[in-house]
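Hi there,

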Amino acid sequence: MSNKPDHYYVTTPIYYVNDKPHIGHSYTTILADVLANYHRLLDVPTHFLTGTDEHGQKVQQAADKNGITPQQQCDQTVIRFQELWKRLEITNDDFIRTTEPRHKTVVQQILQELYEKDEIYKAEYEGWYCVGCERFFAEKDLVEGNCPECGRKVDSIVESNYFFRMGKYQQWLIDYIETHPDFIQPAFRANETLGFLKNKELQDLCISRPKSRLAWGIDLPFDSDFVTYVWFDALINYISAIGYKSDDEQFKKWWPCSCQLIGKDILTTHTVYWPTMLKAMGVEMPKTVFAHGWWLTGRTKMSKSLGNVVNPMDMIDNYGVDAFRYFLIAEMTLGQDASFTEEAFVKRYNSDLANDLGNVANRVLSMIDRYCDGKIPVRSNSVDTNDPIENNPGMEQDIWIAVSAISTEVGEKISAMKLDSAVGSIMSAVRMINVYLQERAPWSLAKQEGKEELLNHCLYTAAECLRVCAGLLYPVMPAKMLELRTALGMADAKPHVGKLSKFGVLIPGSAISQPGALFPRIEVEKVDAASSRVAPAKQPVKPPKAGGTAPSPSTPPPDGLITFDQVMNVQLKTAVVLAAEKIEGADKLLKLQIDLGTEKRQLVAGIALHYTPESLIGKTIVVVANLKPAKLRGVESQGMLLAASLGDSLKLVTVDGSIGPGAAVK
Ligand code: MSP
């Protein structure tokens, strides 16, 4: 892991309290949580702020409709966010509500100071107002007479108002963005803001609303006939919450903010309004404003009217918190839009969590249980050194070096906000452990005399690699990864970066436990599409309830039987061996080039003690064609061949007669 900053302050937008929390809100908050968890793991002092935006017309309208005060309306609806964050195991250090006195006081102080500095002035205003967006637009900015942001109808309004002299900062802002490439991320969003700033004159910002039209807001301190425009009020939350104008020490500790996460739709408010407001106040800019893309339902925008909004609570109820968090982080490439379908969710869950991670965890823990009396085994005791792995080169050293190197890679990727890719790297490490086990075959060592030491060393190494992967995944799936690390016999299961890439953290002799199926496989069932929770899921599924105990490949059912679906997930095909050669330094491995009918592939197989390379050329073999590629001794293997083995004997599985490559084996 790398790039350790001296502090880390991360914020989410504050959500409109009236909205029902949906996947978009959950995503930004989970993303902030993962970043906060990761920095805490690095031992970087971290502060994570989220909250709710509680003023404005929509709250007032809802309150009027419900016959309650706007404050009561807010108090009732804020709970939905607070409860969701609890369920999603969000570890925010603070939750700010813009109706809290600590916020309102600071907003008023800022307004007063800006007014006294003539940064705010009063003028007659004529413009077009969008109630939905709570923003004014100039006539030239309307799109076919409608709001350029949301497309809804706008109202023509003439009134006296107060204005912030935003326009005078136009050139300063262009220069600032151009000389601070980290300020707006991803870079193409900086270009978007620059395009906006360079192509038209930046207007002053109307920052008041007459109370005659809207009473629910923060009073202007210098004119009680007006309240503050909701965006001017809301943006200030990022500094009011950390002590701006109330606690200098706290404020200096956290500001400038390290990372302000936003959705792409609120880019202008955060990269034009906000920096010019800060500039006028004489406050430093945040280091980075990062705009992520949108979650779409399939390819369609989520909207209440289409009825395709994904409800996070349903996902948590059905699949568990950790799987939901994992999917959102693994699936979205930051900056771009991502598609949510329940089908994609189930596919990724089954392949990454149930098959790969769940399977490795189950294999390692079950074998330690079976072969090592349920206790973490001793590492190689044939070498008298503090760092036995250095002196025991071979497969164990290879797998450890490969897995521990991933922690550096993950650190770099997280710093570069490539979280999906970071998770991908961890999953490739998980698959490497699986391949290593396959190659080292501890179950066969267990049957051989005199191999106890190697068996112990193998399982110790595998457990260590698993510990590292679980540590790296902890920021994304805290509960499940703590469970897994506890199952590995760790008294202090919370990961710490100092120990992550050190070999020898697990203490031999400590009792392991079986956590049950960490990620029970989700059975895909042909059920009535109407019962599917997410509209476009083409292939509805029957999920296990969170915490349920549906059978999975990682926990064979007591009768040892698997379902038809599980068999059908494995694609077996015939292939013809085109070329074969030994792999230097790996006595047991051969590298094969095979013809799979529609494509050529490379396989690595542990058959060198049983077949010479030449004897394989032209043979028709059977391979698992849909196995994820993995590296064995640094050589990529794109599949696995089948062989029958008994004692010391091993024979390739072939077909009875002549059939071309690519034939399905059923
Ligand atoms: N209250 C303002 C923010 C003020 S911050 C000083 C606001 N609130 S919001 O509740 O409407 O939206 C909050 C965030 O949710 C925005 O960043 C928005 O981009 C995000 N999302 C809303 N729908 C989304 C998706 N479908 N996908 C991803 N995020 C989306 O705006």
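Below are some notes on salt bridges and on one pair of helices.

This is a predicted model, in which local features need pLDDT of at least 70 and side-chain atom pairs count only at pLDDT 80 or more, while totals for chains, interfaces and linings use all residues. Residues are numbered from 1 along each chain as its sequence is written, and side-chain values use heavy atoms, with hydrogens and water left out.

The structure holds 26 salt bridges (a side-chain nitrogen of Lys or Arg within 4 Å of a carboxyl oxygen of Asp or Glu). One of them joins D356 to R431, with the closest N and O atoms 2.9 Å apart. D356 lies in helix α13 (residues 342-371) and R431 in helix α15 (residues 419-440), so this pair ties together parts that are 75 residues apart in sequence. Helices here are DSSP runs of H or I, at least four residues, numbered from the N terminus. D356 is buried, at 10% relative accessible area (buried means under 20%, exposed over 50%, partly exposed in between, with a 1.4 Å probe and protein chains only).

In helix α17 (residues 452-473), R467 and E464 are three residues apart; their side chains form a salt bridge at 2.8 Å, N to O, and both are buried. K211 and D219 also pair, at 3.0 Å between the closest N and O atoms, but K211 is partly exposed at 29% and D219 is partly exposed at 28%. E54, D75 and R97 are linked in a salt-bridge network.

Best wishes

Key: Helix = DSSP H or I, 4+ residues; strand = E, 2+ residues; numbered from the N terminus.
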